[in-house]
Amino acid sequence: MTMSSNENTPRRGERMQRSGSVGVPSPVNGKQVSVSDSETRRKRKIADITQALSVSPVDVAALRRMAISEGGLLTDEIRCQVWPRLLNVPPHLLDQEPETVERENNKDFNQVLLDVQRSLRRFPPGMPDEQREGLQEELIDIILRVLKRNPQLHYYQGYHDIVVTFLLVLGERLATALVEKLSTHHLRDFMDPTMDNTKHILNYLMPIIERVNPEVHDFMQQAEVGTVFALSWLITWFGHVLSDFRHVVRLYDFFLACHPLMPIYFAAVIVLYREEEVLECECDMAMVHHLLSQIPQDLPYETLISRAGDLFVQFPPSELAREAASHESTAASTFKDFDLASTQQRPDSVLRRRRRQKEAAMESSAVSSVVTVAQPSVARRFVRLAVMGLTVALGAAALAVVNTALEWAPKLDLFP
């Protein structure tokens, strides 16, 4: 079933209109929330997390819901306790002191060193040079240590962007244990000798976009932009492209609690959120690639996280696997849809004209349909959300996402 992006996906232009006022508490589920209400919810969430950690066995499902729901895990202190549980790292491994790493004659050392030296912006601004340099040395050691323990893994540029996030949150000892588990599970496909599996994961992007907004999908196919613009998003879990560390760790809360393919759903949601910018762009590969690769820093993260969970429930990887496997043939057939028109005028003109016609038709029917359609439409929306087990705040959806987090792995060597 194709869904209307106007009904379900927030667009960048709409968000900018709503965010003009300064000093107003952020809305939650469409309502303004006072500072006191926000603090009350925060304290309640901390209490719920503490309760989930205190029971035996630990209530991992509750921790996953807390990590996915609005605000994530709130503090790095909590993340130190919860992230190991989300990755199911045995407690005895967390207590092990990391061994000394031999750097001489290490085949990966030179590349790792170069990448770490270029990672200055990933450290907090104003951090003393001596402290940063010490952390960079620890970063090198963690990477080399994990690779030595797991010779089947191959280093890739961007891996250090993920590892540094764990180091800054957890410290070297905990980060070593968690990064090793992550590398042999969620990141396993990125660490193959070739990029075949990474490319396959990227192939899920366009089928997701097509189901939600065929117009954006067709435009991107006509521009032949491909999915390379999202490569750094995927293989660094957005750590390389987001400047605010708070946003990075919020996404890591979400990804660690979910299925390994959730980052590609989040990438799709970002593209869909920028619908207006994409469709107003010149339909040229270089222009569209440049636009999409410059990720905005002021994204409405909680809204997009909720939307990604929504799409995951509606269009699970098992439903998209066949299209992802044959995506090149899909792209070729889509291109033919515009072939005739393209011989007569620029393809972006065709798409813009179609979009204007669609908007004009919607405007002309708005007045007559507002009474007869509005309430049934709202009812259908709530029925759909109820069936999917999803609320705007992802409370119920968290359970659906959690319960499927380890079930789907179509064609991917995600869990060797």
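Which residues in H13 are buried? I started my notebook with this one. In H13, I find Glu 215, Val 216, His 217, Asp 218, Phe 219, Met 220, Gln 221, Gln 222 and Ala 223 buried. That makes nine of the 10 residues of H13, so the helix is largely enclosed by the rest of the structure. I note here that I am reading a predicted model.

**Entry: Phe 219 and the end of H13**

Phe 219 sits in helix H13, which covers residues 214-223. Its relative accessible area is 0%, so I log Phe 219 as buried. Asp 284 is 65 residues away from Phe 219 in sequence, and their C-alpha atoms are 9.6 Å apart. I also looked at what comes after the helix. Glu 224 follows H13, and its phi is positive, near 55°.

**Entry: the whole chain**

I stepped back to the overall picture. I count 24 helices and two strands in the chain. The chain has 416 residues, and 50% of them count as buried. I looked at contacts between residues at least 6 apart in sequence, and 78% of these join residues at least 24 apart. The exposed surface comes to about 19900 Å², with carbon and sulfur atoms supplying 54% of it.

**Entry: confidence**

The average pLDDT of the chain is 78, and 70% of the residues score at least 70. Two stretches I marked with a pencil. Over residues 13-26 pLDDT stays under 50, and the model has 11 contacts beyond four places in sequence for them. Over residues 328-351 pLDDT also stays under 50, and here the model has 28 such contacts.

**Entry: aromatic pairs**

How many aromatic pairs does the count come to? I get 15 aromatic pairs. I took Trp 237 and Tyr 252 as an example. Their ring centres are 5.3 Å apart and their planes stand at 85°, so I call the pair edge-to-face. Trp 237 lies in the loop between helix H14 (231-235) and helix H15 (245-256), and Tyr 252 lies in helix H15, so the pair ties together parts that are 15 residues apart in sequence. I checked burial for both. Trp 237 is buried at 2% relative accessibility. Tyr 252 is buried at 0%.

My next pair was Phe 255 and Phe 266. The centres of these rings are 6.1 Å apart and the planes are at 80°, so this pair is edge-to-face too. Phe 255 is in helix H15 and Phe 266 in helix H16 (residues 262-273), so the pair links distant parts of the chain, 11 residues apart. Both Phe 255 and Phe 266 are buried.

**Entry: cysteines**

How many disulfides does the count come to? I find zero disulfides. Cys 80 is partly exposed, at 25% relative accessibility. Cys 283 is in no disulfide, and the nearest cysteine sulfur, that of Cys 281, is 8.2 Å away. The cut-off for a disulfide is 2.5 Å between the sulfur atoms. Cys 283 is buried, with a relative accessible area of 8%.

Terms used. Residues are numbered from 1 along each chain as its sequence is written. This is a predicted model: local features need pLDDT of at least 70, side-chain atom pairs count only at pLDDT 80 or more; totals for chains, interfaces and linings use all residues. Side-chain values use heavy atoms; hydrogens and water are left out. Rings of Phe, Tyr and Trp (its six-membered ring) pair if their centres lie within 6.5 Å; planes under 30 degrees apart count as stacked, over 60 as edge-to-face and the rest as tilted. Helices (H or I, at least four residues) and strands (E, at least two) are DSSP runs, numbered from the N terminus. Buried means under 20% relative accessible area, exposed over 50%, partly exposed in between (1.4 Å probe, protein chains only). pLDDT is the predictor's confidence in each residue, from 0 to 100. Contact means heavy atoms within 4.5 Å. Accessible areas come from the Shrake-Rupley method with a 1.4 Å probe; for residues, only the protein chains shown count as cover.
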